[in-house]
Amino acid sequence: MASDHSKPALFALLIEDFEVRPSHSESEDEDDMLLILLQDPKRRRRLFDTSHEYAATPVRGNIAEAIFSSSDEHFAEQVRLSRLQFLHVEAALRDTLQGPHRTRGRARALSPRDQVLLFLYHCAHCTCRCAFLLRSCRISSSAHLLIQPPATHSGNSLRSISIMFGVSLATVQRTVMRVAHAIVDVLGPQHVRWPSHAQHAEHAQEVEGEHGLPHVAGFIDGTHIRIVPQDARDRVYSFCRKGFHSIVLQAITDCHGRFLSTEIGYAGRVHDARVFCESPIAARIGDVQERDSYLREPFVLLGDAAYPLTSWLITPYASEASEANAAFNYVHSSARMAVERAFGKLKLQWSILFKNNLYGPGVMNFITAAACILHNITIDVDEEHGWEPPPDQLALLLQDDDAEPMEDDPILPGRDRPRNKARAGKAKRDMMKDAIMQ
């Protein structure tokens, strides 16, 4: 039965919220009265319904203004963007988010600023499933959740977000998708662009000056983004080798960790090589007529052992029998850490990408794409005052992102790779090895 401190509160809640008019004398025991009140199925269903729980929970009010008016350091810690970066995002999305978007039961619409703040705060701090779902009919635990909001989740769950921003749970979900779509549609073409030939040359000079590898225009790799499987097919095909359900994010970055191209949405069970071979960017670069428009000779990309060796995608040596091969693999791995660090910063900046247990693949595709765009904004706009992940957490995250190896010269499923391409890739790799050994 209810504890002494929660029983009066629950009794008062039943009286007030359900308009119960008890006709018992003052001498009747309070426990017996609670049992009588809960015998009505309709009242019991309303009491243990999560939507009623939210209505009975004290609303803290909208904290968006408090976050925006805080210090620059606190603001960046809460939304993972500097104030200048946030204003850039808000200004770009203002017209898109200004449309007919009203919250249920509210007299006014959420402003574009509040919508963007809600999305950023949710993606930066979402680390657990909504913990307010009542799975027990014990009066004490239910009354405890009803009369006071827990202080242990601090904005992590959808329910906490709804309480902190003073909106309903459905409004949080709609706002997350609305802002994610707006970021992809409006900011995506501006901040995720394939470089020109001159930009490739500039980037190759930076890589050669730092690592000694000539003609390197970018780095390619894949990582897994956690999802919640929505059906039996998701549970089978999204279960990846790391032991959780995921979708694959394949990205090409420059030496600064800026995303040049992304491919999102393949199930976690799919091999990185298949994702690469079926991606539009691989088809365009591999096409003789279109290649000059994307990756003109002699520029190449660097990838790990999970990718096929071609004349424009250089992978490490499968065997380190010679000292030259080992030296090349070391320099190759050091240079390719740029894409690994980009993934590490992306997941630490937006923790929903590696601690998500709220959304399925459909929603996470858009959230992941939006997160990649926001990552580029942190590099393009006000880089000096942006948010940086803790170095120890970044190093720990990079340790768990090992490559899925493949044979030195496989024939990939679904797409035959001619042997002459592999021979051209080996010749290009040997040339780069000779350059760093000089």
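**Notebook: a helix residue, a bent helix and a sheet**

I began with Arg-174, which lies in helix H11. The model I am reading is a predicted one.

Is Arg-174 buried, exposed or partly exposed? I looked up its relative accessible area and found 35%. Buried would need under 20% and exposed over 50%, so Arg-174 counts as partly exposed.

Next I checked Arg-174 against Gln-115. In sequence they are 59 residues apart. In space, I read 9.9 Å from C-alpha to C-alpha.

I then turned to helix H7, residues 83–97. Where does H7 bend? I found the bend at Ala-91, and its angle is about 30 degrees.

I listed the buried residues of H7: Gln-85, Phe-86, Val-89, Glu-90, Leu-93 and Leu-97. A helix has 3.6 residues a turn, so residues three or four places apart point the same way. What covers the buried residues of H7? I noted helix H11 (169–191) among the elements that do, along with H5 (64–68), H6 (72–79), H8 (112–125) and H19.

My last stop was the sheet. It is open, with five strands in the order S3-S2-S1-S4-S5 and mixed pairing. I marked S3 (259–267) and S5 (313–314) as the edge strands, since each pairs on one side only.

Strand S2 (residues 246–253) runs antiparallel to S3, and seven bridges join them. I picked out Ile-247, which stands opposite Ala-267 in S3.

Helix H19 (residues 361–380) came up again here, packing on the sheet. I saw that H19 touches S1 (216–226), S2 and S3. The direction of H19 makes about 165 degrees with that of S3.

Key: Residues are numbered from 1 along each chain as its sequence is written. This is a predicted model: local features need pLDDT of at least 70, side-chain atom pairs count only at pLDDT 80 or more; totals for chains, interfaces and linings use all residues. Side-chain values use heavy atoms; hydrogens and water are left out. Two strands pair if DSSP finds at least two bridges between them. Helices (H or I, at least four residues) and strands (E, at least two) are DSSP runs, numbered from the N terminus. Contact means heavy atoms within 4.5 Å. Axes are lines fitted to C-alpha atoms, for helices over the stretch in contact, and angles run from 0 to 180 degrees between N-to-C directions. The bend at a residue is the angle between axes fitted to the seven residues ending there and the seven starting there. Buried means under 20% relative accessible area, exposed over 50%, partly exposed in between (1.4 Å probe, protein chains only).
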